[in-house]
Structures are given as structure tokens and as C-alpha cells.
Amino acid sequence: MPRTFKIALAQLNPVVGDIAGNVEKAKRAHAEAAQLGADVIVFPELFITGYPPEDLVLKPAFAAAARQGLEALARDVANGGPALIVGTVWAEEGRAYNSVALLDEGAIQAVRYKVDLPNYGVFDEKRVFHAGPLPGPMNVRGVRIGVPICEDIWQEDVIECLQESGAEIIVSPNGSPFDRLKPDLRLNVAVARITESGLPLAYLNQVGGQDELVFDGASFVLNSDASLAVQLPAWEEVVVVTEWEQQDGVWWCKPGPKAVVEEDAAAAYQACMLGLRDYVDKNGFPGVVLGLSGGIDSALVAALCVDALGPERVSCYMLPYRYTSNESLSDAAECAAALGVRYEVLPIEAPVAGFMSALERTFAGREPDTTEENIQSRVRGTMLMAISNASGSMLVTTGNKSEMSVGYATLYGDMNGGFNPIKDLYKLQVYRLARWRNAHVPKGGKGPARIVIPENILTRVPSAELRPNQTDQDSLPPYEVLDDILECLVEHEMPLPEIVARGHDPATVKRVERMLYLAEYKRRQSAPGVKITTRSFGRDRRYPITNKFRESLEAPAGTQSAISAPRIVRPRADGGEVS
């Protein structure tokens, strides 16, 4: 008779620092896996502490609490059921390790350390962790399981060591943040490791939001021929038992569920929605407030808030001034009615007049300029912050990546707020997500199944409405031009001559580059927001505020983009050859 083995994959959403809560969540998942007959249940990277714990790791009390939580979990599940492979911070001889522990029979049976500590983009694990030695497999009830932790599968060394030391199955616990390229990249990496080692691989990723990062889950199992055996859904917690059988000395995962994983606009919307929901809920806010201007950005954010939290937890406010059009008033009211949220109109004529009166003598003899426009924005920001303070609900800010790139935002005005779900969406992406939402209800969304963003908002020319007849294109290139230049500069670090070669006007390219550099000080003071792209503002892209460097339109020969697109390899869902 062939040998069989059942591995439960616990694709779950931990909370950073909530060690007791994460332990309880692990116990519930263990009980569920026990009912399904699992031999072992695997949890994501650093599940006990939550991921990423950042400088909490440097606190001795934090590592000690993680050890106590792990030992308590081992004792509490000692009465039967599957063994556990669970990620945690492990302190040993004054050093902290990103580790996984094998729990069975009421005790910690083995510990393995992460070898390759990522130190790029949003990751800085070398700051807080020590790298471990190359690991051997864990003996889990007679099956030798190799457990490379996240980054350990992105190079061949760890898998090669596990294969050479007798691993039969690779199970990789991950805390892999979402970006629009990441799902394909993970498959690409997994296929490469399988091809090199000849071993099947189960890839387990966490799900949920943590500050600016959002984790999509989307865990999967590939057999040793790189065929897809199991695909877990994205954006939701699940515990799935995978069934394995050994044939001619090789372990195979039997075909299991193959969820459809959202792509493009659907994936971006889910990321923004989940990131917002977890930021609000994990930080204990009762709800959110936002300014609803009648424009596309605030309309999309309002829809995201309703889908994430439900209409009863969302309050929207229109704060009109003399330049606010009747179209904006009617569009905002229509959007609020479609979403079913609380909606109130609070005119700002009197407070703006109060500021102008107080400044009248100081401003005597000067012509009005953007100073007066910024006062309007800052009055709105102050009023919304007052509502947030009084209600306890978090103010959500609504600026998109195009605007934040070039400084088309007012500090202490429309930038006010605790979180921005569309911070990493370019303007054209905002339009795409808005149209997608009008045609779909997102999985897990709490909003209505109807058009929620009026068509007039989608077709009107964008305007900040801070002066008569103002449009965004008075001071910015058309968004089709601006977004392409910004993607070249921000996402790809493309030399200016290459950008001009795409058909852009050289003077426009230089102007956008200048605005991008000059706005760095604003971005440093902006609210956190969901990471969608490969290079979000913040830890992904760290530029100095004081910066005199400007690139020439005649770059030296041989200069090329610093970041290139990856080669993608996809396993076929039907179990056929790798394409």
C-alpha cells in the first residue's frame, strides 16, 4: 500500500504583537485540521508574532513573550491532532532569528532558522535578525519535510541543501506582500526550485493588512513536474488539507481545490479594500470619515470604505466653497445615496472668510495666488480632523499616486488623515478601479450590488475647484502623459532619453522629473497607504528631501533602466507541461 500524508495549510491573518490572539487563532485552526484528519498543520512566516514585527524584535521582552506563547501552544494542543509547523521569533544566546518550530506531543521538537534575510524594498530583516545556517529537513511523523522560510526559496542554496540532506517535500511558509507582479513571480520562483531539486513544493502565504503592506494569501501546491495540484483563494482566511501519496519513492499531492485568483483591477481593488479594513479594525477605530468632493478619487475611496467596513461605519462630508460647482454638489450627493452612507453638507465660506480677515493686514498689497487656495484646503482638513477627533472615527485621505508624485496636494489640508487606501494608485488606475467597481461587487465586500460611482464623476474633467474654472490640466500634463512618465521614473528608474524616446516632449519630461523631486518633503509627511505597485513611496523608494541631482536629457552612452521586467513562467492548471 502506498504511504499517505495530509498537510493542512493555514492561510491566516495574524496581528503583529498580539501573541495571545495569534496563539488562539492557531489553536482554532489546529482543531479544524484535526477534524479533517491532518498529520501536520503549517502556519505562515512569523505567525506567532505577526509579520513584519520590525524593531519589536529588538525588545527582549517581545522575544520572551513569543517563546512563552509558543510553549503554551505546544502544551495546549498536546492531546492529539496534527503536529504544527509555526513561524516565530526565536532568541538564542542574545541573537534573534526568524524561525519555524515543529510542535508535537506537547513540546517543541525542532527549530529551523531563516537563512536569506531580505534587505531590499520594504524589507530590512538584517536590521533585526541574524541569519541561520543552511537547514536540514524536519522529521514530521516519519516524513522528512524541508521548511525554507520565504526568501529562502528565491535562491537555490537552501533548497539544494534540503534536497541533498534528504527532504521529501518542501513546505515554504511566507509573509509575501502583494504587488501587481508578485503572483506570477512567486510561481516563477517555485517552478525554478522544483526544476532544480525534483521535489514538490507547497507555498503557504499569509493574508491580511499590516500598515502599508497587504498580503494576498493565494497559497498553492506544485508537484515535482511543476503541475498545479492545489490553489487556495486570495484575500481570505482558509484552512485547507492537502492529501499526499508516495509513489515509487516520490510524494505527489492529489488534485485539490483550484480557486480562481483575482487579477488586474479586481486584485488591486481587493488589496485596497483589505488593507483599509485591517488598518481600521486592527487599530480599533469604530469607523471612518472622509470628505466627499464630487470627484473621482473621493468617490472611489468612499466605495472602498463601504465595501471594507459597511455603510453604517462610514460618514461622508461635502465641504463646499464659492468655487464648488453644482455638478460636484449633485454628484457627491448621488454617490453618497448610492452607497447608503451618512452624508452632510458643511459650507466653508465663513471659516475661510475668518482666516482671510485675520490675515488681511499681513496680506495687504499682494495679489491672490495659491496661498488662498491652500487656505480652502486647510480649512476642510481642519474641519474633517475635528469631526474625526469628536467621533473617534479615523479620517481617510484620498490623494492618488499621480498627485502625490508631483506635489499636487496640500500639506495639512487634503493630505490630512490616518490612512489612504489609494495612495499607490495612479490616476488612470483610479478610473479603472472605479469602473470595475460599478460593474462588480468585490468578494467579501459589504457594499451594494449596483452602480455606486455616478457616470458624471467618471466623465467630468478633473478639478480641485479652488479657483474659477480650474482643471487639473491647467498645471499638469494630461494624465495619460503624466502617468506614463511617472511610471517610467518611479517604477523603472528609466533614463530620461529613454522616456523621451517613448514619444514624450523633452520639456515635459524634465518638468515632471523636477516636480517629482521637489515633492519628496510632502510625501514624507503623508498618511500610510496600501502598497499596490512594485515601488510604492516610502520604504520601496527612499530619496533624499534635500537633493540637487537632476538628470541630463543627454545621458552617457550605455545608460539603461535599473529595473527590468522579470521573465514569467506559469505552471498549467491542467497538470501539463510548464509554459
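E54 is partly exposed, with a relative accessible area of 34%; buried means under 20%, exposed over 50% and partly exposed in between, computed with a 1.4 Å probe on protein chains only. Phi of E54 is near 50°, a positive value in a residue other than glycine. This is a predicted model, in which local features need pLDDT of at least 70 and side-chain atom pairs count only at pLDDT 80 or more, while totals for chains, interfaces and linings use all residues. Residues are numbered from 1 along each chain as its sequence is written, and side-chain values use heavy atoms, with hydrogens and water left out.

**Confidence**

- The protein chain has a mean pLDDT of 91, and 95% of its residues reach 70 or more; pLDDT is the predictor's confidence in each residue, from 0 to 100.
- Residues 565-579 have pLDDT below 50, and this stretch has 30 contacts in the model beyond near neighbours in sequence; contact means heavy atoms within 4.5 Å.
- Where pLDDT is low, the predicted coordinates should not be read in detail.

**Backbone geometry in loops**

- Most residues other than glycine have a negative phi, and most peptide bonds are trans.
- E54 sits in the loop between β2 and α2; helices (H or I, at least four residues) and strands (E, at least two) are DSSP runs, numbered from the N terminus.
- P52 also lies in the loop between β2 (40-42) and α2 (60-76), and the peptide bond from Y51 to P52 is cis, with omega near 0°.
- D211, in the loop between β10 (207-210) and β11 (213-216), has a positive phi near 55°.
- The relative accessibility of D211 is 38%, which counts as partly exposed.

**The open sheet of 4 strands**

- The strand order is β18-β17-β16-β19, with parallel pairing; two strands pair if DSSP finds at least two bridges between them.
- β18 (342-345) and β19 (394-395) each have a single partner strand, so one side of each is left without a neighbour in the sheet.
- Helix α7 (residues 326-339) packs on the sheet and touches β17 (314-318) and β18.
- The direction of α7 makes about 160° with that of β18; axes are lines fitted to C-alpha atoms, for helices over the stretch in contact, and angles run from 0 to 180 degrees between N-to-C directions.
- β16 (residues 288-291) pairs with β19 in the parallel sense over 2 bridges, and V289 stands opposite L395 in β19.

- β6 (residues 138-140) and β7 (residues 143-146) are antiparallel, paired over 3 bridges, and N139 has R144 in β7 as its bridge partner.
- Their hairpin has 2 residues between the strands, and R141 takes a positive phi near 50°.
- β7 also pairs with β8 (residues 169-174), in the parallel sense over 2 bridges, where I145 is the bridge partner of I169.
- β7, helix α3 (residues 157-164) and β8 make a right-handed β-α-β unit; right-handed means that, with the strands pointing away from the viewer, the path from the first strand over the helix to the second runs clockwise.
- β12 (residues 220-222) and β13 (residues 228-231) pair in the antiparallel sense over 3 bridges, with V221 opposite V230.
- The hairpin of β12 and β13 has 5 residues between the strands, and A226 in the turn has a positive phi of about 70°.

**Helix α15**

- T508, V509, V512, E513, M515, L516 and Y517 are buried in α15.
- These buried residues pack against α10 (401-406), α13 (479-491), α14 (496-501) and α16 (520-524).
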